[in-house]
Structures are given as structure tokens and as C-alpha cells.
Amino acid sequence: MSGVKRLQPRLSAILFKLQFEEQVSNIKPDIMAVSTACEEIKKSKSFSKLLELVLLMGNYMNAGSRNAQTFGFNLSSLCKLRDTKSFDQKTTLLHFLVEICEEKYPDVLRFVEDLQHVDKASRVSAESLEKSLKQMERQLKQLEKDLETFPLPEDIHDKFVAKMSISF
């Protein structure tokens, strides 16, 4: 073992190669769930109409203020629908929105049917997914660096650089 040049980088690279498929298969379902949910949200006409109604209500309420005729809103504003109450404190803006949808836009209330993967995607931890991807990126960059700086083999049977280069 003492005769093997750059043993530590070799072992690290081999370990990374052996664990690569497992790492990919561990994060792939989460990435697919989030991607699918994003596509569902983008394609959902009823969800788009619901957000349009929220924007319309906000523009109506802000008429005359500097925020009148806004073209968009922060997603965090959606939480305020539940918290914004009527003068008598019995009805929230969310209740009002549901009533309007039930009366005039019943198809909007079926937006949940369009968003079947959102629940699963909401359980994905963005931080852990990002951490895993960054770790894999660091390992790949280290492998590339090691392969570029690896000395020419003195032994004709040393196929480390050739084998590791073909794999990735």
C-alpha cells in the first residue's frame, strides 16, 4: 500500500464513484416531485385564475393608494388573506374570496385537482436537497482536479486515471 502514489485521492475518488448512483437515486425522487409540482402549478388554469382574482381584490382594496393597479404580489401576501378581517371581525378576506368563487367562478375551486404533486413536493427539504447537490458538485470538482493533476503512471498496469475518466 505504501508504494501506491496518491493513495488518499484514489480512495476518495473510488468511494465517490461507488456511491454516486446511490446518491443520485436518493435525491432524484425529491427533484422529480418538485419539478412535477412546478409544472402542475404553471399549467393549472384554475390556479392561475384564483391568483388573478386575488390580485384583482388587492388592486380593488388598494385603489387610490400608491399600490393601485399592481401587476403582481409576493406569495407571502397569500397568508394575509386569512388574517385580513372585515369590519365586524366575522369574515376574512379568504372567506370572501371563497364566496366569490362559489358564486361566480366555481371552476376555480377545482384547482386542487390540478395540483396533485404539490403535497409531496411541499415535504421536500430545499436545504437538504441543496446540501446534497453541493456536496456532489464539490466531489465532482475534486475528482476533476485530481484527474488533471494526477502524475503519469510509472507502472503500465496503473489504469486509475483511464478508468476514472471513462466513468464520468
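**Entry 1: helix α7**

I started with helix α7, residues 126-149: its 24 residues reach 34 Å from first C-alpha to last, close to the 34 Å expected at 1.5 Å a residue. The expected span is 1.5 Å times one less than the number of residues. Helices here are DSSP runs of H or I with at least four residues, strands are runs of E with at least two, and both are numbered from the N terminus. I noted the ground rules: this is a predicted model, where local features need pLDDT of at least 70 and side-chain atom pairs count only at pLDDT 80 or more, while totals for chains, interfaces and linings use all residues. Residues are numbered from 1 along each chain as its sequence is written, and side-chain values use heavy atoms, with hydrogens and water left out.

Which residues of α7 are buried? I found L129, M136, L143, D146 and L147. Buried means under 20% relative accessible area, exposed means over 50%, and partly exposed is in between (1.4 Å probe, protein chains only). A reminder to myself: an α-helix has 3.6 residues a turn, so residues three or four places apart point the same way.

**Entry 2: α1 against α7**

Next I looked up the partner helix, α1, residues 7-43. α1 and α7 pack at an angle of about 150 degrees, and their axes are 10 Å apart. Axes are lines fitted to C-alpha atoms, for helices over the stretch in contact, and angles run from 0 to 180 degrees between N-to-C directions. The pair is therefore roughly antiparallel. The cut-offs are under 35 degrees for roughly parallel, over 145 for roughly antiparallel, 65 to 115 for roughly perpendicular, and oblique for the rest. The crossing of α1 and α7 is left-handed. That means the near helix is turned anticlockwise from the far one by less than a right angle; clockwise would be right-handed.

I then listed the contact. From α1 come P9, A13, F16, F20, Q23, V24, I27, D30 and I31; from α7 come L129, S132, L133, Q135, M136, Q139, L140, L143 and D146. Contact means heavy atoms within 4.5 Å. By class, I have 12 nonpolar, 4 polar and 2 charged residues between α1 and α7. Ala, Val, Leu, Ile, Met, Phe, Trp, Tyr, Cys and Pro count as nonpolar, Asp, Glu, Lys and Arg as charged, and the others, Gly among them, as polar.

**Entry 3: Q139**

Q139 is partly exposed, at 24% relative accessible area. Leaving out residues up to four places away in sequence, Q139 touches F16 and Q23. Its C-alpha is 9.8 Å from that of F20, 119 residues apart along the chain.

How do α2 (residues 45-61) and α4 (residues 93-104) pack? I read an angle of about 120 degrees, with the axes 11 Å apart. α2 and α4 are therefore oblique to each other. Their crossing is right-handed. L50, L53, V54, M57 and M61 of α2 meet L93, F96, L97 and C101 of α4. The contact has 9 nonpolar residues, no polar and no charged ones.

L81 sits in helix α3, residues 80-83. L81 is buried, at 10% relative accessibility. Beyond four places in sequence, L81 touches V54, M57, T92, L93, L94 and L97.

**Entry 4: whole chain**

I closed with the totals. The chain has 8 helices and 0 strands. Of its 168 residues, 21% are buried. Among contacts with a separation of 6 or more, 70% join residues 24 or more positions apart.
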